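Please open the model in your viewer and keep the selection tool at hand. The stops below say what to select next and what is there.

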Amino acid sequence: MIESLIPAVSSYAREIDHLITEVAIIVGVWLVAAEALFFYFIIKYRAREGHRADYISGDEPRMRRWLVGPVLLVLVCDLFLIVGALKTWSHIKIDLPPADVVVKVIAQQWAWTFILPGADGKLDTADDIVTVDELHVEVGKTYHFQLESRDVVHCFSVPVFRLKQDAIPGRTITGWFRAISTGTYDIQCAEICGIGHGVMAARIVIDSAPQHAAWINGSSIRNMPTAMLQAGQ
Ligand SMILES: [Cu+2]
């Protein structure tokens, strides 16, 4: 259902969509049932000529059953949702699969800087590739990102991955993703971070393996001065 509105491009996007759909259905059924009953009673017991209002205390066992029954049913639904949410949380946020590539994502007012390993596959070496507002990744590879902020709280959001992670100044937060198809998609800061928040957008370019290798080779040459600068040369 959600996929018809926005593509699901990470390995865990469908799991999150499933959870959101589950919550929407369960909460939706209760909402419709409660509202339908509410309006039914409003109309059925409206003020009418010759009818006196009745005070109902609700403490007769027969009436109490009408209160306790739905409450227990709601609790069962809550348990169902909590178990589903914890399973998804643990799978995505706690159990990080081993990384094929580690990248740095740095947020600042109002731009994104991405530092990727160059041809040597290692970060913090002279051939690191630095890009601004454009993140290049390879399809099918597991990426760990190390998210930092240089100033205020930002939020690294990649809607097609169903990925959203706050960037907190002074902390390095590690998360992961694995793209399952190629294409170019939006990255957006999802935390009001100042007057330029609305333009703090970037894009993610998901390449096939040969495209990505070609991009890395091309970028390593283009980025040499930046990389050398970073390495203090
Ligand atoms: Cu921001």
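Helices (H or I, at least four residues) and strands (E, at least two) are DSSP runs, numbered from the N terminus. This is a predicted model, in which local features need pLDDT of at least 70 and side-chain atom pairs count only at pLDDT 80 or more, while totals for chains, interfaces and linings use all residues. Residues are numbered from 1 along each chain as its sequence is written.

Begin by selecting residues 13-44, helix α1, together with residues 61-94, helix α2; their axes come within 10 Å and cross at roughly 170°, where axes are lines fitted to C-alpha atoms, for helices over the stretch in contact, and angles run from 0 to 180 degrees between N-to-C directions. That makes α1 roughly antiparallel to α2, the term for angles over 145 degrees. To see the contact (C-beta atoms, placed from the backbone, within 7 Å), show E15, I16, L19, E22, V23, I26 and W30 on α1, and V74, C77, L81, G84, A85, T88 and H91 on α2.

From the C-alpha atom of G28, draw a distance to that of P117, 89 residues along the chain, and the separation is 46 Å.

Next, move to the largest nonpolar core, which has 34 residues, and select V103, V105, F114 and F161, those with the most contacts inside it. Such a core is a set of buried Ala, Val, Leu, Ile, Met, Phe, Trp, Tyr and Cys residues joined through C-beta atoms within 7 Å. Around V103, leaving aside residues up to four places away in sequence, you will find F114, I115, L116, Y143 and F145 touching V103.

In the loop between β1 (101-108) and β2 (111-116), select W110, which a cis peptide bond joins to Q109, with omega about -5°. In the loop between β3 (129-132) and β4 (134-138), select D133, which is not a glycine and yet has a positive phi of about 60°; D133 is partly exposed, with 14 other C-beta atoms within 10 Å. Finally, select R162 in the loop between β6 (154-158) and β7 (163-167), where phi is again positive, near 60°, in a residue other than glycine; R162 counts as buried, with 22 C-beta neighbours inside 10 Å.

Methods: A residue is buried if 20 or more other C-beta atoms lie within 10 Å of its own, exposed if 12 or fewer, and partly exposed in between; C-beta atoms are placed from the backbone. Two residues are in contact if their C-beta atoms, placed from the backbone, lie within 7 Å. Angles under 35 degrees count as roughly parallel, over 145 as roughly antiparallel, 65 to 115 as roughly perpendicular and the rest as oblique.
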